[in-house]
Amino acid sequence: MSTIWQTITWDVARAGGFTAYILLTLAVAVGLALSTQLQSPRRWPRLLNSELHNFLTLLSTIFVGVHVLAVWIDPFTHFGWSAVFIPFVSSYRTVWMALGIVALYLGIAIGISTWLRPRIGYTWWRRLHILTLGVYALATAHWIGTGSDTQTWWALAIYVISGVLVGSLLCWRLLTATGKRKKHAPSPAPARRAGGAPQSAPRTLNGAGAVAARGQGQKQREVARVR
């Protein structure tokens, strides 16, 4: 009976962990797509929206809870609450376990900031929301370092596809942000030449002087004829 229970808890922990990681990848990808305006109706269907992003994040959090609970009650690992919730306490792959615990707390902090967004304002919420990329990086390192299925082809495929998807969208996000800054940068004012007055002014003055000189010469010729 204990062997069956051990198999169930371990399989649930593995399945919950990978499901949470896939959902986290999709949540981060949708968030990056929203920030790069890939949700435009001319480019994408309106499937990409904030509601989908929040739904994927919530599902990921639920499966993280399933993963943590299954690991905690698994009779084979014998993890106590301190090993599951306090970094660097577990004797099993200490560093990789600590990364997962830190990712869990960062995710909780981001969720609280979203709940408090009306109070803290959009600017601070946006700054804290950038930590989602840190949660994704820490979670990836945790699952690669602690997962018993890391060496399998399907687990490696999940990690590679996830990294390529999030990495591509992140690069696109950085490139679009750089392009917007260059587009809205003020253009430099044209340099003025030494001397101050434009080129057309001397020509106008010279032309007016020539006309005046011709008129004066004509008057002098008429006076000479009268005499």
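A salt bridge is taken here as a side-chain nitrogen of Lys or Arg within 4 Å of a carboxyl oxygen of Asp or Glu. The structure is a predicted model, in which local features need pLDDT of at least 70 and side-chain atom pairs count only at pLDDT 80 or more, while totals for chains, interfaces and linings use all residues. Residues are numbered from 1 along each chain as its sequence is written, and side-chain values use heavy atoms, with hydrogens and water left out.

Two salt bridges were found by this rule. In one, the side chains of Asp 11 and Arg 14 meet at 2.9 Å, N to O. Both residues lie in helix H1, three residues apart, about one turn of the helix; helices (H or I, at least four residues) are DSSP runs, numbered from the N terminus. An α-helix has 3.6 residues a turn, so residues three or four places apart point the same way. Arg 14 also meets the side chain of Asp 149 in a salt bridge of 2.8 Å, N to O. This pair links distant parts of the chain, with Asp 149 in the loop between H6 and H7 and Arg 14 in helix H1, 135 residues apart. Through shared partners, Asp 11, Arg 14 and Asp 149 are joined into one network. Residues are classed by relative accessible area as buried (under 20%), exposed (over 50%) or partly exposed (in between), with a 1.4 Å probe and protein chains only. Asp 149 is buried at 9%, whereas Asp 11 is partly exposed at 35% and Arg 14 is partly exposed at 28%.

A nonpolar core is a set of buried Ala, Val, Leu, Ile, Met, Phe, Trp, Tyr and Cys residues joined through side-chain atoms within 4.5 Å. The largest such core has 17 residues, and Leu 24, Val 28, Tyr 136, Trp 143 and Tyr 159 have the most contacts inside it. Helices H1 (2-35), H4 (94-115), H6 (131-146) and H7 (153-183) each give two or more residues to this core, and H1 gives the most, with seven. A second, separate core of eight residues includes Ala 13, Val 71, Phe 79 and Met 97.

In the loop between helix H3 (81-85) and H4 lies Phe 88, which has a positive phi of about 65 degrees although it is not a glycine. Phe 88 is exposed, at 58% relative accessibility. Arg 93 is placed in the loop between H3 and H4 and has a positive phi of about 45 degrees, although it is not a glycine.
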